[in-house]
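Biologist: Hi, could you walk me through this model? I'd like to start with the charged side chains and then get the overall picture.

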Amino acid sequence: MLDSAETIKDLQLMRDEGHLSDALLRAAVRSIEKSDSRFDWVGVYLLNDEPELWLHNYVGEPTEHAKIPVGTGICGRAIEERTNLNIPDVSADEGYLACSPDVQSELVVLIRAGDDIYGQIDIDSEEKGAFTEDDEVALIGIADKLAEQLAAERREGS
Ligand code: SME
């Protein structure tokens, strides 16, 4: 089970030490991936002005979906609908973009601060219905910490 409190504390420590979002996003992905064997692929996509999602970093099998237009796939739909998406059975989802034939379920949690959406944490599992509400709540806490740093950098123009 993901110990989000520990991850959030580590991310804040990194911020206190002056690390930038690039380091925090990589640390968060690694921490989430190793926290639970249900999490087979973990990545972060960042939203740009196109608007398009670009894969920032991930742990798991290589994916061909390095860039995803808003509105495309489960990832792009989450941005378009401005909502987290917990998809228990990806085979039943018409818009799903497959990364690997083994993936059964997917959870997307937005990285957002107020109205601003910076991107998303995307997790695939090889188990059907792998993701719980507790997972989503834990990931929202981590995503909020990442958004704090991204918002601070945007304000500073770095
Ligand atoms: N399945 C996603 C694409 C990204 S991969 O899971 C890494 C989607 O449908 O948008």
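This is a predicted model: local features need pLDDT of at least 70, side-chain atom pairs count only at pLDDT 80 or more; totals for chains, interfaces and linings use all residues.

Biologist: Which side chain does E148 meet in a salt bridge at 2.8 Å?

Modeller: That partner is R15, with the 2.8 Å taken from N to O. E148 sits in helix α4 (residues 133-156) and R15 in helix α1 (residues 4-16), so the pair ties together parts that are 133 residues apart in sequence.

Biologist: And how far apart are the closest N and O atoms of K145 and E148?

Modeller: They are 3.1 Å apart. K145 and E148 are three residues apart in helix α4, about one helical turn.

Biologist: Is K145 buried or exposed?

Modeller: K145 counts as buried, at 11% relative accessibility, while E148 is partly exposed at 37%.

Biologist: How many salt bridges does the structure hold?

Modeller: Seven. One of them joins D22 and R26 at 3.2 Å, N to O; both lie in helix α2 (residues 21-35), four residues apart. D22 is partly exposed at 38%, and so is R26 at 35%.

Biologist: What about the charges overall, how many positive and negative side chains?

Modeller: There are 14 positive and 35 negative ones, and the centres of the two sets lie 5 Å apart.

Methods: Residues are numbered from 1 along each chain as its sequence is written. Side-chain values use heavy atoms; hydrogens and water are left out. Lys and Arg count as positive and Asp and Glu as negative; His and the chain ends are not counted. The place of a charge is taken as NZ of Lys, CZ of Arg, CG of Asp or CD of Glu. A salt bridge is a side-chain nitrogen of Lys or Arg within 4 Å of a carboxyl oxygen of Asp or Glu. Helices (H or I, at least four residues) and strands (E, at least two) are DSSP runs, numbered from the N terminus. Buried means under 20% relative accessible area, exposed over 50%, partly exposed in between (1.4 Å probe, protein chains only).
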